[in-house]
Amino acid sequence: MKQIDVLDHGYVRFVEAWGRGDAGVPEAAIVEAARQSTQGSFRGWAQDAKLLRYLYTAKPPHATPFEFAGMTIEVQAPIFVFREWMRHRTQSYNEMSARYAPLPDVHYIPSIERIMQVGGANKQAGAVKDALAITVESAERFRVEVEAAYEHANDLYLEAMRNGVPKELARVVMPVGRYSRMRASANLRNWLAFMTLRADPGAQWEIQQFAEAVSVVIAAQFPQTWALFQEVRNG
């Protein structure tokens with residue numbers, strides 16, 4: 001699968017997936033895990049689609065078998081997105097470290113349209129009390145000032161390293177809008193939990209964009225389960 005571009009410099013890239021089981025068929029391991037108690041096997045989706053549906057749509061759902069499939073992706077995103085993403089403690093992460101090498105020299109600059117998205121389903125998207133109404137002019141001024149702040153921070157970062165400041169200390173000037181890169185890995189049950197929260201209209205817009213990219217990967221690797229997720233989610 002090709003890399004999926006997100007925001008101005010971000011991306012989601014598929015690394016690997018598992019869950020083919022003894023049958024060697026994508027998602028078959030979910031069915032095989034569900035039948036473990038009876039020592040049953042995968043019989044093909046012509047028969048087992050009904051079982052998969054039962055597992056996912058039962059109330060409460062039989063979620064454990066979905067832990068026997070999963071995937072790993074690589075993500076490049078602003079640091080503040082990672083800080084939200086890593087609240088999902090059921091995933092495994094390994095992020096690049098500015099202790100060892102400089103982070104990519106790219107920063108997130110929100111568009112004017114994004115800056116003017118005040119309010120909505122996300123309560124944190126509102127302006128502070130007694131703030132002036134946002135205008136196109138003030139939004140553009142914010143973009144210009146943010147870019148200048150990024151440039152200053154990066155110049156200070158590079159200068160500090162040239163002057164012998166240890167990399168692990170030079171990085172203290174890094175803004176949360178700087179892009180970093182990580183690998184994230186989880187079983188399918190927990191990827192769907194991630195999607196439930198981060199694709200929700202109440203989530204911050206930026207992480208919603210990454211969740212949308214993740215959904216493309218899930219749909220490609222686990223089409224049977226993704227169809228059920230969509231069906232349940234859409235009522």
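1. Gln39. This residue sits in the loop between H1 and H2. Helices here are DSSP runs of H or I with at least four residues, strands are runs of E with at least two, and both are numbered from the N terminus. Phi of Gln39 is positive, about 55 degrees, although the residue is not a glycine. Gln39 counts as exposed, at 60% relative accessibility. For burial, the cut-offs are under 20% relative accessible area for buried, over 50% for exposed, and partly exposed in between, with a 1.4 Å probe and protein chains only.

2. Basis of the model. The model is predicted: local features need pLDDT of at least 70, side-chain atom pairs count only at pLDDT 80 or more, and totals for chains, interfaces and linings use all residues. Residues are numbered from 1 along each chain as its sequence is written, and side-chain values use heavy atoms, with hydrogens and water left out.

3. Overall build. The protein has nine helices and five strands. From the N terminus on, the order is β-β-α-α-β-α-β-α-α-α-β-α-α-α. Along the principal axes, the C-alpha atoms fill a box of roughly 65 × 45 × 25 Å. Of the 235 residues, 40% are buried. Contact means heavy atoms within 4.5 Å. Among contacts with a separation of 6 or more, 72% join residues 24 or more positions apart.

4. Surface and charge. The accessible surface comes to about 13,200 Å², and 52% of that belongs to carbon and sulfur atoms. The areas come from the Shrake-Rupley method with a 1.4 Å probe; for residues, only the protein chains shown count as cover. There are 26 positive and 26 negative charges, and their mean positions are 7 Å apart. Lys and Arg count as positive, Asp and Glu as negative; His and the chain ends are not counted. Each charge is placed at NZ of Lys, CZ of Arg, CG of Asp or CD of Glu.

5. Glu27 is in the loop between strand S2 (10-18) and H1. At 1% relative accessibility, Glu27 counts as buried.

6. Cis peptide. The bond from Lys59 to Pro60 is cis, with omega near -5 degrees. Pro60 belongs to the loop between H2 and strand S3 (70-78).

7. Asp48. Beyond residues up to four places away in sequence, Asp48 touches Val31, Arg35, Ser41, Phe42 and Arg43. His62 is 14 residues from Asp48 in sequence, with 15 Å between their C-alpha atoms.

8. Helix H9. H9 spans residues 223-233, and its buried residues are Thr225, Trp226, Leu228 and Phe229. Seen down the axis, these buried residues fall within an arc of 160 degrees, so they line one face of the helix. The arc is that of the directions from the helix axis to the C-beta atoms. An α-helix has 3.6 residues a turn, so residues three or four places apart point the same way. The cover over the buried residues of H9 includes helix H1 (28-34), helix H2 (45-57), H7 and helix H8 (205-221). After H9 comes Gly235, with a positive phi near 75 degrees.

9. Leu188. This residue lies in helix H7. Leu188 is buried, at 0% relative accessible area. Apart from neighbours within four places in sequence, Leu188 is in contact with Ile30, Phe66, Ala69, Gly70, Ile218, Phe222 and Thr225. Leu188 and Thr225 are 37 residues apart in sequence, and their C-alpha atoms are 8.9 Å apart.

10. Asn190. H7 (residues 188-198) also holds Asn190. Asn190 is buried, with a relative accessible area of 17%. Its side chain makes a polar contact with the side chain of Thr90, at 3.3 Å. A polar contact is a pair of N or O atoms within 3.5 Å; within protein, one must be able to donate a hydrogen and the other to accept it, and residues adjacent in sequence count only if both atoms are side-chain atoms.

11. Pro102. This proline is in the loop between strand S4 (92-95) and helix H4 (112-115). Pro102 is partly exposed, at 45% relative accessibility. Leaving aside neighbours within four places in sequence, Pro102 is in contact with Met96, Tyr157 and Met161. Glu168 is 66 residues from Pro102 along the chain, and the C-alpha atoms of the pair are separated by 9.9 Å.
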